[in-house]
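Hi everyone, thanks for making time for this. I'd like to walk you through one model and two places on it. Please have a look at the screen.

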Amino acid sequence: MKTTLPKLNFFESLGWFGNIILSIGVIPQVVQTYKTHDVSSFNWPFLLMWAFGVFFTFIYIVNGDLKSNKRQYPLWLNYLVNIFATFYLCYAKLIFS
């Protein structure tokens, strides 16, 4: 049985590329915060708006995908990584402040 991966069109490729970059982009901040415990430059309004913004947007995307029976996995990747990262940064701000 031969399985083949679906071919990505140009815009799907852009979506994957952009969302992978956005997902990876938050990781250095999480690693630095974990190593240094320095959260002095984070302010609560930014962290909370970012955390809840990505969380609510992810719910919106999943709901739309379930209704349309189409999955936008690049967006899922980006938002899941960002949800975990921002909630960790909020946790770090709470613990290390």
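Let me start with a definition: when I say helix, I mean a DSSP run of H or I that is at least four residues long, and the helices are numbered from the N terminus. Please also keep in mind that this is a predicted model.

With that in hand, let's go to the largest pocket. Which helix gives the largest share of its lining? That is α1, with 4 residues. Helix α1 covers 10-25, and both α1 and α4 supply at least two residues of the lining. In total, 13 residues line this pocket, and those nearest its centre are Glu12, Trp16, Arg71, Gln72 and Pro74. As for volume, the pocket comes to about 320 Å³.

Two helices, α3 at 44-68 and α4 at 73-96, each bring at least two residues to the patch. The largest share is from α3, which gives 6 residues.

Is Phe55 buried, exposed or partly exposed? Its relative accessible area is 32%, so Phe55 counts as partly exposed, because that class lies between under 20% for buried and over 50% for exposed.

One link to take away: α4 contributes at least two residues to the pocket lining, and at least two to the nonpolar patch as well. Thanks, everyone!

Terms used
Residues numbered from 1 in each chain as written. Predicted model: local features only at pLDDT ≥ 70, side-chain atom pairs only at ≥ 80, totals over all residues. Heavy atoms only, no water. Buried < 20%, exposed > 50% of the residue type's maximum accessible area, 1.4 Å probe, protein only. 1 Å grid on protein atoms, 1.4 Å probe; cavity = no way out; pocket = protein on both sides within 12 Å on 5 of 7 lines; lining within 4 Å. Points joined across faces, edges and corners; volume = space filled by probe spheres on them.
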